[in-house]
Amino acid sequence: MYGSDTIPDDPDRTAFRKTEKKYKLYYDSTSKKKKLPRPVDLSEVIDFRSVSESFERTGDIRSGVSKVENRFDKPVFGLDDCPGFYFIPAALSIEEQCRWIKESLVSFPQPPNRTNHNAVYGGIHDLFNAAKNEQVLVKEDSVADDATFYNYKWASSEELDSSVNGDNRKPVSASVLLRRLRWSTLGLQFDWSKRSYNVSLPHNKIPDALCQLAKKMAAPAMAVGEEFQPEAAIVNYFGPGDMLGGHLDDMEADWSKPIVSMSLGCKAIFLLGGKSRNDEPLAMFLRSGDIVLMSGEARERYHGVPRIFTDTEHAEIGCLEKQLSDEDDICYLEYIKTSRININIRQVF
Ligand code: OGA
Ligand code: MN
């Protein structure tokens, strides 16, 4: 998983990599003053929202796509040559989207959940609040140096000026750390160094509301009478220029069970490849509120996110901007205007 850096022999030549490069954000350096994003041809990107709209209007669907029978009030679509893949456009209401954006920023990165910052700072509490209050993370110098024990605390910049910082490390601001937040893990904790779930790491259960939502959304991919058991979730945070390289999620025991993947914030391009990196991937848009399910054969397919759109025209977060226009919500709005969050929920055993 997340193995784009460790692909064996000549990864640049694979069809997946070529398509990734096609959609990835590059800047044209034609103008010295202003960096302009290189224009990209989006004509081949499947747009399930327009598939859904034209289906509602005319009952017709583009070739290769089918409507799947389900218990929702919303249409669920599948791909004819990819059994186990399901796309639910606008599955989440705008209120639900805001709720999960807030949780992803405020509560999901809280210990004992781990984040990419753990490796350097140990567990950091209250990152989002600290960013809101313009705090900085400083190393506490009162405790003896111990490589296994991290002692960082939040301080205001004034406090910082009056204290002598114990080591030479430059204090880092919470807003920089928030920008650098790339993932957090809920429920059973995934150990990236061992590429497996580590059941001995302290963890909380997946929050009940998220669990219920995932169960409901997983239904189209579940056998009759079976219920999805959410045990772990990985939350990905994407900023401008960030991507998620082609990978397989292969650390869960039962691949017949779906991964339930929710998109929040800026629009993105998702690539769904084949069982080999040499298979040419399909590209599709993921918008805030869309849900993708990958189960069965679809779980054996490489996939990734080469691009998120943070410009006003393509980000398509107008509804979120309206919903988060209260003064209390400005901090969330500022973040999500140029970010995408993906919550993907898994049954591990
Ligand atoms: C993942 C993943 C897809 C996305 O985290 O394993 O495939 O939409 N995410 O961000
Ligand atoms: Mn994945």
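These are my notebook entries on a predicted model, one topic at a time.

**Entry 1: the metal site**

I began with the manganese ion (ligand 2) and asked which atoms coordinate it. I found His247 through NE2, Asp249 through OD and His303 through NE2, at 2.1 to 2.2 Å. Along the chain, these donors follow the spacing H-x1-D-x53-H. The two histidines link distant parts of the chain: His247 sits in strand 13 (residues 244–247) and His303 in strand 18 (residues 303–308), 56 residues apart.

**Entry 2: the nonpolar cores**

I then turned to the packing. The largest nonpolar core has 78 residues. Which residues have the most contacts inside it? My list reads Phe85, Leu210, Ile341, Ile343 and Ile345. As a reminder to myself, nonpolar side chains tend to be buried together in soluble globular proteins.

**Entry 3: Ser261**

Ser261 was my next stop, and I located it in strand 14 (residues 259–265). Its relative accessible area is 16%; the cut-off for buried is under 20%, so Ser261 is buried. What does the side chain of Ser261 make a polar contact with? The partner is the side chain of Asn342, at 2.8 Å. Leaving aside neighbours within four places in sequence, I listed the contacts of Ser261 as Asp290, Ile291, Val292, Asn342, Ile343 and Asn344. I also checked the C-alpha separation of Ser261 and Asp12, which are 249 residues apart along the chain, and got 27 Å.

**Entry 4: backbone details in the loops**

Last, I went through the backbone angles. The peptide bond from Pro111 to Pro112 is cis, with omega near 10°. I placed Pro112 in the loop between helix 3 (94–106) and helix 4 (118–121).

Asp126, a residue other than glycine, has a positive phi, near 55°. I found Asp126 in the loop between helix 4 and helix 5 (127–132), and at 38% relative accessibility it counts as partly exposed.

For Glu316 I noted a positive phi near 55°, again in a residue other than glycine. Glu316 lies in the loop between helix 9 (312–315) and helix 10 (318–323). At 27% relative accessibility, I logged Glu316 as partly exposed.

Terms used. Residues numbered from 1 in each chain as written. Chains lettered and ligands numbered in written order. Predicted model: local features only at pLDDT ≥ 70, side-chain atom pairs only at ≥ 80, totals over all residues. Heavy atoms only, no water. Donors = N, O, S within 2.8 Å, 3.2 Å for Na, K, Ca; no water. Helix = DSSP H or I, 4+ residues; strand = E, 2+ residues; numbered from the N terminus. Core = buried A, V, L, I, M, F, W, Y, C linked by side-chain atoms within 4.5 Å. Buried < 20%, exposed > 50% of the residue type's maximum accessible area, 1.4 Å probe, protein only. Contact = heavy atoms within 4.5 Å. Polar contact = N/O pair within 3.5 Å; in protein donor to acceptor, adjacent residues only side chain to side chain.
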